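Here are my notes on the structure you sent over. Please read them with the model open beside you.

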Amino acid sequence: MSESESGSGSGSEGNSSEGMEATFEGFAPKEGDFHGIKNLLTQLLVGTEIDASNLADAILAEPDVSSVLKVDDGDDEVFGVISPLGLKKHGKAASVAVMKALIGEKCSKHGSAKVKERITAAISGSSGKNVAILINERMINLPQELAMALTGALSEDLKEAVEADKTYKFDEVIVFCKSVESMTRGGEPAQKKKKNADGASAAAAASSGSEVLFVNLEDDVFKQNCSCSFTYPQPESQWISRKGGLKERSCRTVMLLTASQLKKSWTDLESMLT
């Protein structure tokens, strides 16, 4: 894991490293990282019945293609995690099975007909393609530049892994990420989202008064390159008033990217951050 980035460290709420200069690097996950990975997954999976412990175990079982973000000073605190979990291998794991069911359920309610077709085929295996769910999460308030420490490590890890094991040659990846729907004063959240040429949900332009924003920069890049996507509000999510007449609510966005679209996303992200 050679990818590293420097930045002023700031972690999740209550993290005491704010304002300190630190060098972050992606490392292969080990058993001692279990609780740190679980805590990150818990913030991603809030409002779901997905077992964060079981999902953390699945990630730990893939050290060759997974990375955890740490400060390069011997400290074992986990600031981020990225891992592609192949559905052929992990699809029956309890946590992954529940995630697949959740994605299918939300897609049937919030996705267009074309999105339902693509997502359903991907998670069910009926497409015949080698599909992975990409888990990517970081502590809040970390510099966006640190995205490269994880995505760059994953890119290199997959190249090496495919040489030894072709099961890591994924045709498509499903991204499940945090997002925020923002609504202007007088705007209404979209009931029917616009579609682009292939039927993908245009979440970022859902209506004249509503758009979807992403917590992590790389997710925004994934959205720009993906084949299709849909966004849904978190359970019990309430509209929160912001300055300038804006209102926001917490959401989750699901995206489907082909291998070439994922590669382009990494290239675009690197261009933005270097």
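1. A term before we start. Contact here means heavy atoms within 4.5 Å. The coordinates come from a predicted model, and the points below should be read that way.

2. Overall make-up. The chain has 8 helices and 10 strands. Of its 274 residues, 53% are buried. Take the contacts between residues at least 6 apart in sequence: 72% of them join residues at least 24 apart.

3. Nonpolar cores. The largest nonpolar core holds 68 residues. Those with the most contacts inside it are Leu 41, Leu 45, Met 99, Ile 103, Ile 119, Ile 174 and Phe 176. A second, separate core has 5 residues, including Ala 147, Leu 217, Val 221 and Leu 269.

4. Leu 45 in detail. Which residues does Leu 45 contact, leaving aside neighbours within four places in sequence? They are Ile 50, Ala 52, Leu 55, Met 99 and Phe 176. Ala 52 and Leu 55 are also among the buried residues of helix 2, which is the next point.

5. Helix 2. The buried ones are Ala 52, Ser 53, Leu 55, Ala 56, Ala 58, Ile 59 and Leu 60. What covers them includes helix 1 (34-45), helix 3 (87-90) and helix 4 (94-110), along with strand 4 (80-86) and strand 5 (131-138). Look at the start of helix 2 as well. There, a side-chain oxygen of Asp 51 comes to within 2.9 Å of the backbone nitrogen of Ser 53.

6. His 90. This residue sits in helix 3. Is His 90 buried or exposed? The cut-off for buried is under 20% relative accessible area. His 90 has 7% relative accessibility, so it counts as buried. Its side chain makes a polar contact of 2.7 Å with the side chain of Glu 62. Not counting residues up to four places away in sequence, His 90 touches Ala 58, Glu 62, Leu 85 and Val 96. Ala 58 is one of the buried residues of helix 2.

7. The largest pocket. Its volume is about 500 Å³. The lining has 19 residues, and Ser 155, Leu 158, Lys 159, Lys 263 and Trp 266 lie nearest the centre. Helix 6 (147-164) and helix 8 (259-273) each supply at least two lining residues. Helix 6 gives the most, with 8 residues. How does the lining divide by type, and how many residues are charged? There are 9 nonpolar, 4 polar and 6 charged residues.

Methods. Residues numbered from 1 in each chain as written. Predicted model: local features only at pLDDT ≥ 70, side-chain atom pairs only at ≥ 80, totals over all residues. Heavy atoms only, no water. Core = buried A, V, L, I, M, F, W, Y, C linked by side-chain atoms within 4.5 Å. Buried < 20%, exposed > 50% of the residue type's maximum accessible area, 1.4 Å probe, protein only. Helix = DSSP H or I, 4+ residues; strand = E, 2+ residues; numbered from the N terminus. Polar contact = N/O pair within 3.5 Å; in protein donor to acceptor, adjacent residues only side chain to side chain. 1 Å grid on protein atoms, 1.4 Å probe; cavity = no way out; pocket = protein on both sides within 12 Å on 5 of 7 lines; lining within 4 Å. Points joined across faces, edges and corners; volume = space filled by probe spheres on them. Nonpolar A, V, L, I, M, F, W, Y, C, P; charged D, E, K, R; others polar.
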